[in-house]
Amino acid sequence: MSAAEYSYSVVIEGSEYHFNANHLVVFPCPDQGEDAWLGEPLHGHDYLVTLELSRALDSAGCVINFLEAQRALRQTLTKWNYTTILALDAHCLDYVEKDEQIEITLQEKNRRRRWSVPCNSVVWLDASNATAEEIARAVLTDFLETLLGVDADSTELIATLTLQESPGSFVRVTRR
């Protein structure tokens, strides 16, 4: 059989591929009115990351250089470690920068909650909610941007990132 009849993937996983970050998520509450939202409190996770990279083999018989992919993933996760992840366009959340802090206000139907985090710890998501799905997409995008500088032949690369928030609870995102 020829190599074209097979598909190949490289998987990078292990306890060293993790980052610690805080986030909060808001949910619509249609039973409380059209514009009613309920938010989780600001909380943190020790996110574990697994990465799968797939494509045809290159001229060396490899999907990708393992060492370069591992380096790019470590570099990416370092940027996300010990951060607070906030969605730029979040429903019912207001952000104010004051005295080197970001003050977060969550306006729910019957109450208002506030938190304050250091400005230099915030990673802004281009999203309407800081869900695990959006965080996984953003981490995968950052990884691919880091890797593409190393491996310009990555345009055919299919990349899947699995983000585990807690044991048994994870999301998976694929960029084709």
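1. In this predicted model, strand E2 (residues 18–23) pairs in the parallel sense with strand E6 (residues 83–87) over three bridges. Within this pairing, asparagine 22 has threonine 84 of E6 as its bridge partner.

2. E2 also pairs with strand E5 (residues 43–54), here in the antiparallel sense and over six bridges. Histidine 23 stands opposite histidine 43 of E5.

3. The side chains of E2 alternate along the strand.

4. The structure holds four aromatic pairs. One of them joins tyrosine 6 and tyrosine 8 in a tilted arrangement, 6.3 Å centre to centre with 45 degrees between the planes. Tyrosine 6 is partly exposed, at a relative accessible area of 44%, and tyrosine 8 is likewise partly exposed, at 27%.

5. Phenylalanine 19 and tryptophan 80 form a further pair, which is tilted because the planes stand at 50 degrees, with the ring centres 6.1 Å apart. Phenylalanine 19 belongs to strand E2 and tryptophan 80 to helix H1 (residues 66–80), so this pair ties together parts that are 61 residues apart in sequence. Both residues, phenylalanine 19 and tryptophan 80, are buried. Ring pairs link Phe19, Tyr47 and Trp80 into a cluster.

6. Threonine 146 is located in helix H2 (residues 132–148). Threonine 146 counts as buried because its relative accessibility is 13%, under the 20% cut-off. Leaving aside residues up to four places away in sequence, threonine 146 touches Ala72, Gln75, Thr76 and Lys79.

Note on methods: Residues are numbered from 1 along each chain as its sequence is written. This is a predicted model: local features need pLDDT of at least 70, side-chain atom pairs count only at pLDDT 80 or more; totals for chains, interfaces and linings use all residues. Side-chain values use heavy atoms; hydrogens and water are left out. Helices (H or I, at least four residues) and strands (E, at least two) are DSSP runs, numbered from the N terminus. Buried means under 20% relative accessible area, exposed over 50%, partly exposed in between (1.4 Å probe, protein chains only). Contact means heavy atoms within 4.5 Å. Two strands pair if DSSP finds at least two bridges between them. Rings of Phe, Tyr and Trp (its six-membered ring) pair if their centres lie within 6.5 Å; planes under 30 degrees apart count as stacked, over 60 as edge-to-face and the rest as tilted.
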